[in-house]
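Here is a friendly walk through the helix packing and the nonpolar cores of one protein. Please have a look at the model first.

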Amino acid sequence: MTKLNRMEMRAQLRHHFLEYARLHAAADGRIPTVIELCEALGTTKNTLQRCMNDLVNEKILTRRSRKEGMFLAPKNCFVIGLMFESGGTMEYLNQPSWMAGFCAEISKNRRFLIRFVQCANIDTAPLIMHKYGLDAIVFKTIPPDKALKLHASTPETDRARFIYNFNTNLDSTSGEFNSGMNVIVMDQENWARHLVREAVRCGCRSLFQCGTKDAIAEYYADEAMKLGLPWTPDRLLSTPRDIAKRLPELIDKYNVDAFRCAGGIFRETLFPVLRKYPDFKPLILSYENLPLTEFLHENPWARICYPFSETLEEFTYRMGVETAQKAMEAAENGKLFGYQKMAIKTKHLTDNISGQKK
């Protein structure tokens with residue numbers, strides 16, 4: 001018998017034991033006798049005793065005396081697992097602000113604990129939840145396709161205790177995620193569309209993008225067209241090489257007055273090109289609250305528009321707090337909250353642009 005099979009059998013016995021014990025417990029919490037439990041669960045006395053000893057150590061069962069028997073312990077503490085798959089990217093550490101918000105929120109309530117859980121195969125999450133006595137599990141690292149697969153293989157009784165957190169929009173599969181899953185996701189559509197609306201408020205009429213060809217780029221282009229602005233596919237330069245090669249001709253061709261520039265690698269290519277055009281001072285639509293003093297000193301031509309009232313770090317902290325709150329609710333009552341989008345807080349910056357036209 002493999003180690004995984006033994007773990008699965010112990011987890012299954014634990015699950016069935018607790019299910020039977022809770023269903024047949026007396027009003028004072030006394031559970032059935034060992035003989036009755038062995039017969040009901042189809043196991044031996046020694047195997048059952050090991051399972052019960054583990055539960056006593058975890059303070060799920062209490063043993064008063066041999067004469068009185070075993071009792072279910074009052075539930076006064078809930079354990080929330082942060083689970084990731086071995087060999088994958090541990091995004092908790094890559095997003096310290098999310099982690100800070102998550103831990104800070106849970107630390108406010110002494111009835112809740114956090115347990116970090118690593119597993120070789122994320123599909124074993126339901127078994128691991130029962131093995132370690134977790135009341136809810138938060139998944140921050142697994143991709144959407146694995147989340148859907150895990151959801152399909154998770155018993156219905158456990159699904160409401162699993163919380164999936166994603167940084168990207170799931171519009172292409174949101175219907176599947178809406179079906180009985182707890183999901184918290186960043187609303188990138190609102191993000192991209194607000195950039196376009198703010199550019200129009202600032203008087204811009206010819207927009208451009210330097211970034212990856214992804215859903216954000218599509219939202220940006222769609223919002224521009226909805227507002228009656230001209231748009232063609234060549235207004236998106238999706239590689240840094242294209243910026244240096246094609247940008248000058250496109251600036252003249254379209255009389256560009258606003259850029260969305262995604263990511264540091266694109267900015268590192270774009271800004272040196274723009275410095276060669278001292279009379280060209282477009283509005284830079286930013287996703288990140290750049291260190292403006294230093295940036296404007298190095299790029300005095302720039303006008304930066306950051307139309308959000310919180311930084312990315314503040315937003316991910318808030319997402320960590322929200323995830324913690326939902327995880328505590330799921331751990332305590334096992335109720336499904338469903339599919340939830342979180343948008344970064346916005347504001348209008350029409351009269352508050354960093355940098356001035358010269």
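At what angle do α10 and α11 pack, and how far apart are their axes? They pack at an angle of about 40°, with axes 8 Å apart. Axes here are lines fitted to C-alpha atoms, for helices over the stretch in contact, and angles run from 0 to 180 degrees between N-to-C directions. That makes α10 oblique to α11, since angles under 35 degrees count as roughly parallel, over 145 as roughly antiparallel, 65 to 115 as roughly perpendicular and the rest as oblique.

Before going on, a word on the model: it is predicted, so local features need pLDDT of at least 70 and side-chain atom pairs count only at pLDDT 80 or more, while totals for chains, interfaces and linings use all residues. Residues are numbered from 1 along each chain as its sequence is written, and side-chain values use heavy atoms, with hydrogens and water left out.

| Pair | Angle | Axis distance |
|---|---|---|
| α10 and α11 | about 40° | 8 Å |
| α5 and α15 | about 40° | 7 Å |

On the α10 side, the residues in contact (heavy atoms within 4.5 Å) are Q188, E189, A192, R193, V196 and R197. They meet I216, Y219, Y220, D222, E223, A224 and K226 in α11. This contact divides into 6 nonpolar, 1 polar and 6 charged residues. Ala, Val, Leu, Ile, Met, Phe, Trp, Tyr, Cys and Pro count as nonpolar, Asp, Glu, Lys and Arg as charged, and the others, Gly among them, as polar.

For α5 and α15, the crossing is right-handed. Among the residues making this contact are W98, F102 and I106 of α5 and Y317, V321 and M328 of α15. By class, the contact has 10 nonpolar, 6 polar and 2 charged residues.

**The cores**

The largest nonpolar core has 39 residues, and I80, F102, V138, L207 and L285 have the most contacts inside it. Such a core is a set of buried Ala, Val, Leu, Ile, Met, Phe, Trp, Tyr and Cys residues joined through side-chain atoms within 4.5 Å; buried means under 20% relative accessible area, exposed over 50%, partly exposed in between (1.4 Å probe, protein chains only). α15 gives the most to this core, with 7 residues. A second, separate core of 21 residues includes I122, I137, F139 and L150.

**The whole protein**

The protein has 15 helices and 13 strands, taken as DSSP runs (H or I, at least four residues, for helices; E, at least two, for strands) numbered from the N terminus. Buried residues make up 47% of its 358 residues.

Technical notes:
A crossing is left-handed if the near helix is turned anticlockwise from the far one by less than a right angle, and right-handed if clockwise.
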